[in-house]
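Subject: Structure handover

Hello,

Here is the structure you will be taking over. Please open it first, then read the notes below it.

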Amino acid sequence: MTTDLIDLRAARTADCEALAGIHCEAWLGAYRGVLHGVDLQKMVSRRGTSWWHGALARGVDIKILSIADVPAGYATYGSCRLRDTGMEGEIYELYLKPEYQGLGFGRTLFGNVRETLSAKNLSGLAVQVLSDNRPARAFYNALGGRLAAKSWYRLGGKRMELSIYAWPEKKT
């Protein structure tokens, strides 16, 4: 029996159904009203259990956060894909179920993934977020991220602005 309330670990194939559920709830909560309903539903439906099985089979790094043995959030991460940021690590996604947001769990997951990337000798960290996702932008600002660049993404004929935040390597 564990007495730990929070568990952070690498995702396993047994987690794929939970990952699909977290993704669905988090995306519907974050992007309803930001993305067109049909586009949002298409994006959510693409990320079912089989997609997560495929991601793990491809070697995607996924960290899962559980609270009292209930999967509550996840992050995907690895080498930075964003040009001209000067960062070597990137968090591709960080999502929590809505009922776990605003309680410090996102900060815990972010910090753990940042440490994991640093342990992989990836210096600095970047995150890309839809600019219209104000809660996410406020979250990354509160974590000390600096707005490093803007980019664009096209979804369903709509041009979406992206904000890229950066955290240079921590000085020890």
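One term before the findings: a residue counts as exposed when its relative accessible area is over 50%, and as buried when that area is under 20%. Please also keep in mind that this is a predicted model.

Helix α2

Start with helix α2, residues 37-45. Its buried residues are D39, L40, M43 and V44. Seen down the axis of α2, these fall within an arc of 130 degrees, so they line one face of the helix. An α-helix has 3.6 residues a turn, so residues three or four places apart point the same way. The face turned away from the buried side of α2 carries G37, V38 and S45, which are exposed. What covers the buried residues of α2? The cover includes α1 (16-31) and β6 (146-155).

R46 sits in the loop between α2 and α3 (49-57). R46 is exposed, because its relative accessible area is 53% and the cut-off is over 50%. R9 lies 37 residues from R46 along the chain, and 24 Å separates their C-alpha atoms.

The largest pocket

The largest pocket holds about 1100 Å³ of space. It is lined by 41 residues, and Y31, E93, L94, Y95 and Q128 are the closest to its centre. Which element gives the most to this lining? That is β4, with seven residues. Elements that each supply at least two residues include α1, α4 (105-119), β5 (125-130) and β7 (158-167). By class, the lining has 27 nonpolar, nine polar and five charged residues.

Best wishes

Methods. Residues numbered from 1 in each chain as written. Predicted model: local features only at pLDDT ≥ 70, side-chain atom pairs only at ≥ 80, totals over all residues. Heavy atoms only, no water. Buried < 20%, exposed > 50% of the residue type's maximum accessible area, 1.4 Å probe, protein only. Helix = DSSP H or I, 4+ residues; strand = E, 2+ residues; numbered from the N terminus. Arc of directions from axis to C-beta. Contact = heavy atoms within 4.5 Å. 1 Å grid on protein atoms, 1.4 Å probe; cavity = no way out; pocket = protein on both sides within 12 Å on 5 of 7 lines; lining within 4 Å. Points joined across faces, edges and corners; volume = space filled by probe spheres on them. Nonpolar A, V, L, I, M, F, W, Y, C, P; charged D, E, K, R; others polar.
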